[in-house]
Amino acid sequence: MSFGDPNNPYGQQPPAPQGQPGYGYPQQAPQGVPPQGGYAYPQQQAPQGYPGYPAGPGGYPGMPMEMPGLLKTARVLLFIVSGLQIVVGLFALVGAAAVSSSTNSDAGDLGAGLIAVVAVLVFAFAVWALILGVKFAKGGNGVRIATIVYGSLSILGSLANFANTSANGSSGVFGGIIGLAIGGTILAAAVSSSGAAWFKRPRY
């Protein structure tokens with residue numbers, strides 16, 4: 001029996017042995033096993049997000065959460081207020097020392113003591129504002145609550161300036177307006193939904 005020209009690659013091939021696949025067709029590899037002469041590629045899982053951040057569209061890593069704009073504004077205001085309060089506290093201490101040295105009466109000493117107490121309170125608020133501004137980046141819900149309290153006290157202090165308008169004149173009105181604007185901005189940033197989401201975001 002002739003099987004054709006042996007030098008012709010397209011010639012008739014001999015019949016395959018019974019029970020075995022034909023010679024002219026490649027064998028199909030079982031599922032999960034790479035074909036002979038091929039390369040196996042491991043299955044890739046969809047990339048997950050960064051720790052603490054959900055995966056973005058398509059399963060690709062999500063970007064870290066960015067501080068809301070209102071919180072950024074409140075943070076800058078806290079730093080500015082802290083610096084101003086430090087300056088005011090220094091002037092108050094100098095004034096207390098001047099009053100104490102210029103009078104020998106009990107009333108003068110009492111006035112100097114009251115001015116010194118006010119200076120200490122101003123310094124305390126300055127440190128408070130500075131710590132809050134620093135903690136805005138990584139602080140949690142406790143920083144948010146402390147910010148709400150600070151903003152509320154700032155608003156109360158501004159309303160007190162309005163109450164003393166007769167004694168302070170136009171400067172009291174101007175200071176009250178500025179204080180209300182600053183305290184209101186800080187309070188609004190802390191109680192807003194975006195501010196709450198920022199301070200309650202997961203951390204790893």
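## Helix packing and aromatic pairs in a predicted model

Not counting residues up to four places away in sequence, Glu66 touches Lys72 and Trp198. Glu66 is found in the segment before α1 and, with a relative accessible area of 58%, is exposed. Its C-alpha atom is 9.8 Å from that of Ala137, although Glu66 and Ala137 are 71 residues apart in sequence. Trp198, one of the residues touched by Glu66, also has a charged side chain over its ring: Arg201 lies over the face of Trp198, at 3.7 Å from the ring centre.

### Overall composition and confidence

The model is predicted. The chain has six helices and zero strands, so that its elements, from the N terminus on, run α-α-α-α-α-α. Of the 204 residues in the chain, 23% are buried. The accessible surface comes to about 14000 Å², and carbon and sulfur atoms account for 65% of that surface. Among contacts between residues at least 6 apart in sequence, 59% join residues at least 24 apart.

The mean pLDDT of the chain is 76, and 64% of the residues reach 70 or more. Confidence is highest in α6, at a mean of 92, and lowest in helix α4 (residues 165-168), at a mean of 57. Over residues 46-61 the pLDDT is below 50, and this stretch has 26 contacts in the model beyond near neighbours in sequence. Where pLDDT is low, the predicted coordinates should not be read in detail.

### Helices α1 and α2

The end C-alpha atoms of α1 are 50 Å apart, which agrees with the 50 Å that its 34 residues should span at 1.5 Å a residue. Helix α2 has 30 residues and reaches 43 Å from its first C-alpha to its last, close to the 44 Å expected at 1.5 Å a residue.

The buried residues of α1 include Leu71, Ala74, Leu77, Leu78 and Val81, and also Ser82, Gln85 and Gly89. In α2 the buried residues are Gly108, Ala112, Ala119, Val122, Ala126, Ala129, Leu132 and Gly133. These buried residues of α2 pack against α1 (69-102) and α3.

Gly133 gives a detailed view of this packing. This glycine is found in helix α2 and counts as buried because its relative accessible area is 0%. Leaving aside neighbours within four places in sequence, Gly133 is in contact with Arg75, Leu78 and Phe79. The C-alpha atoms of Gly133 and Val143, ten residues apart along the chain, are separated by 9.5 Å.

Gly175 and Leu159 are 16 residues apart in sequence, and their C-alpha atoms are 9.8 Å apart in space.

### Aromatic pairs

The structure holds four aromatic pairs. Two of them are set out below.

| Pair | Centre to centre | Angle between planes | Class |
|---|---|---|---|
| Phe125 and Trp128 | 5.6 Å | 45° | tilted |
| Phe136 and Phe199 | 5.3 Å | 80° | edge-to-face |

Phe125 and Trp128 both lie in helix α2 (residues 106-135), three residues apart, about one turn of the helix. An α-helix has 3.6 residues a turn, so residues three or four places apart point the same way. Phe125 counts as partly exposed, at 28% relative accessibility, and Trp128 also counts as partly exposed, at 25%. Ring pairs link Phe125, Trp128 and Tyr150 into a cluster.

The rings of Phe136 and Phe199 form an edge-to-face pair because their planes stand at 80°, and planes over 60 degrees apart fall in that class. Phe136 lies in the loop between α2 and α3 (141-163), whereas Phe199 lies in helix α6 (residues 193-199), so the pair ties together parts that are 63 residues apart in sequence. Both Phe136 and Phe199 are buried, whereas Phe125 and Trp128 are partly exposed.

Notes:
Residues are numbered from 1 along each chain as its sequence is written. Side-chain values use heavy atoms; hydrogens and water are left out. Rings of Phe, Tyr and Trp (its six-membered ring) pair if their centres lie within 6.5 Å; planes under 30 degrees apart count as stacked, over 60 as edge-to-face and the rest as tilted. Helices (H or I, at least four residues) and strands (E, at least two) are DSSP runs, numbered from the N terminus. Buried means under 20% relative accessible area, exposed over 50%, partly exposed in between (1.4 Å probe, protein chains only). A charge sits over a ring if NZ of Lys or CZ of Arg is within 6 Å of the ring centre and within 35 degrees of the ring normal. The expected span of a helix is 1.5 Å times one less than its number of residues. Contact means heavy atoms within 4.5 Å. Accessible areas come from the Shrake-Rupley method with a 1.4 Å probe; for residues, only the protein chains shown count as cover. pLDDT is the predictor's confidence in each residue, from 0 to 100.
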